[in-house]
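Please open the structure in your viewer and keep the selection panel at hand. The tour below goes from one selection to the next.

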Amino acid sequence: MNGVESNGQAKADMRVRLRGVEFKNPVLVASGTFGYGAEAKKYCDIEQLAGIVTKSVSWKPRPGNPPHRIIETASGMLNSIGLANVGVHTFVSEKLPYLAKFDTKIIANIAASSMEEYRDVLEHIEQHATPNLVGYEINISCPNVKDGGLSFGTNVERTEELTTLLRASTDRLLIIKLTPNVTSVAPFAQACERAGADAISLINTLVGMSIDIYTHEPRLNTVTGGLSGPAIKPIALAQVYQARKACGIPIIGIGGIVSAEDTVEFLIAGACMVQIGTANFVHPDAGIRVARGLAEFLQKQNISAVGDLVNSLRIRAELKAAGW
Amino acid sequence: MLAPGLVTLRFHNPKVARETIAGQFVNVLPKAGAIDPMLRRPFSVYNTDGDEAEIIIQAHGRGTNILADTAEGEMLDVLGPLGNPWNYKSGDFKTAVLVIGGVGVASMLLLTRALVKEGLPVQSYYGARTKDLLALQDLTNLHVATDDGSEGFHGSVINMLRKDLEARKIEQPKLFVCGPTGMMRAAAVLAAEYGIPCEVSLETEMACGIGICQGCPVPTDDTTFQKTGKRFRLVCMDGPSFSAETITI
C-alpha cells in the first residue's frame, strides 16, 4: 500500500507550496552555506533537499574580504566573507546549467549595492533561467560589505521600493531576506507584503564582534561580522513569530537550525519552510538529516501533513489577555 | 603520547586510512554530536596503518583540549581525506628538504614515506620551542633545533638550514615546509634567496573544509589565477600546500 509503513502509520505529507511552486519538503539550504551545489554534492544527496538557495551573486565577481573571515564563538560563529562570488555571467553560464541537472528547486540569491544592480542581476538571470529555477531571494541584509544591501534592509521605504521594482521584473517567486539588525522586523515584513513579495526569509546574521585580549585587536578583518549558528536560534524564532503576527505572506525561517526539532519550532512559530545554514559547514548533509528527522517526527506524532504544524503556536488566553 | 606536549589520536576509518595521500587533512569535530564547540578542526593525517589513521593533537584551545581528552573507545566524527597532497612528484629537485616547525611535523611522516618510496633522498630540519614538543619518530636524516637550546641547534630551524644552504651541503633541494606562519614566511624568503623551489602547507581557521564556506582564503600572487577575477585561494580546496611564490603568507 502506497504511503503506508509496515507499522500501519501513514507517511506524513511533507510537501509545501509557495504560490504554485511545490517543494518536496520544507527544508532548503541557505545562501552562502552550500556554494553552488557542486562542492557539497560529494557529501549530500541534494535531490533529497526541497531546494538550494545559491550563494549570493552580484553583477561583477567579488573577491571577498581578506582573512580572517571566520571566528568560532559560543555555539556559533562570526563570519565576514564579504559576498565572495563568481558574478552573474559565470553564474548563468556555469552554475545554473550545472544545477539544472538535479531534481531539486533552485532559488537564486542576489546581492547588490544599488537598485539598478539588483534589477540588472535579476533580469540577466531571468533571460537565462533554467527549468528548475523557481525564484529569487533578495539579500538586503548582508552586514559584511560597506556598499552592501544592509542599507536597503534597515530602511522600510527602500525595502518597499526595491521589492516593487523587482516584482515588476519577474513572475517567479520573489523572496526578501530580512535582517535582524533592526528595532522591529514587523514594518519590514509589511513593506515586503505591500510591494508584492511572495515570501520573506529571516533571519540573516546578527552583527557581532570578537576581540583578541592580548593584542587588543578585533579578530575579524572587518572588525565586526555576522553571527550565526545555534546561538542565534532563539532570536530568529522570536523574529519569525513577530513577522508572522505582522504580515500574511509565507515566512521561511532561518537561524541556527541543526535538527528536526529546531525546524518544528520554526514551523509552530509561523514559518512554512526553513533554511539550514551554518549546520552545513559541520555536516554537509545536514539538510537531508533534518528533512528525514522531520518526517519521522510527524509520523511518530501522528501528524498527517507538515502544513498542520505551521502557525500552530498556542498562547493561553490569560497570557493574551495580559497583553503577551 | 608522541612527546610530552603532543598526543596522537588513533581512529578506525578505512576511507581516511586507505585513501589519504601525504599532505591531505581531516576535519574533526571536538565532540561528536555536540553543538558547542560547533566547528570541526582541521588536522593533517599524521599516520595511516591498515584501516586506522592518526592525527596529532597539541592542546592549545577549546577544541584541541577536548580532543586531547578523548577517551578510548569514544566516537570521533571525522570528515576526509580533504585537500590536495604535497606535490612531491614535481621533478624539479634531487633532495627533499623537510622544514618542520612544532606540530607541523604532523604532515611529515606520510611525506617521508612517499619520498622514500620514490627513491628520493630526504633531509629533515625540525625546530620546536623546546625538546618536550619534538616528535622525533620516523623522520629521516634529522637536524634538530630548539628555541631554548634544550636539544640540538640553539636557535631557529631556518638559521640552521641557512648555514647548510650556504655551505652548499644539499644537492638541488626543494623545501617542503609546515609550521607556524612566521617560520613558513622565513622559509619562503630563504628559498627565494637561493632560487630553490619551496612548498608550504598552510593552516588557517576553517569551517567546512570542503570549499563551501569560503572562510579560509589566502591572498594569491598567481597572475594566471587572478585572471579569473579572484584574489584569494582557499586553503581547504586549493591547498593546504601551495608553491610559496604563488601566495602571500
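Which side chain meets Asp51(B) in a salt bridge? Select Arg18(B), whose side chain meets that of Asp51(B) at 2.8 Å, N to O, a salt bridge being a side-chain nitrogen of Lys or Arg within 4 Å of a carboxyl oxygen of Asp or Glu. This is a predicted model, in which local features need pLDDT of at least 70 and side-chain atom pairs count only at pLDDT 80 or more, while totals for chains, interfaces and linings use all residues. Residues are numbered from 1 along each chain as its sequence is written, chains are lettered from A in the order in which they are written, and side-chain values use heavy atoms, with hydrogens and water left out.

Asp51(B) is partly exposed at 26% relative accessible area, whereas Arg18(B), at 58%, is exposed (buried is under 20%, exposed over 50%, partly exposed in between, with a 1.4 Å probe and protein chains only).

Next, select Arg17(A) and Glu22(A), which form a salt bridge with the closest N and O atoms 3.0 Å apart; Arg17(A) is exposed at 54%, and Glu22(A) is partly exposed at 32%.

Finally, go to the interface, where 25 residues of chain B are in contact with 33 residues of chain A, contact meaning heavy atoms within 4.5 Å. Between these chains the count is 1 salt bridge, in which the side chains of Glu72(A) and Arg41(B) meet at 2.6 Å, N to O.
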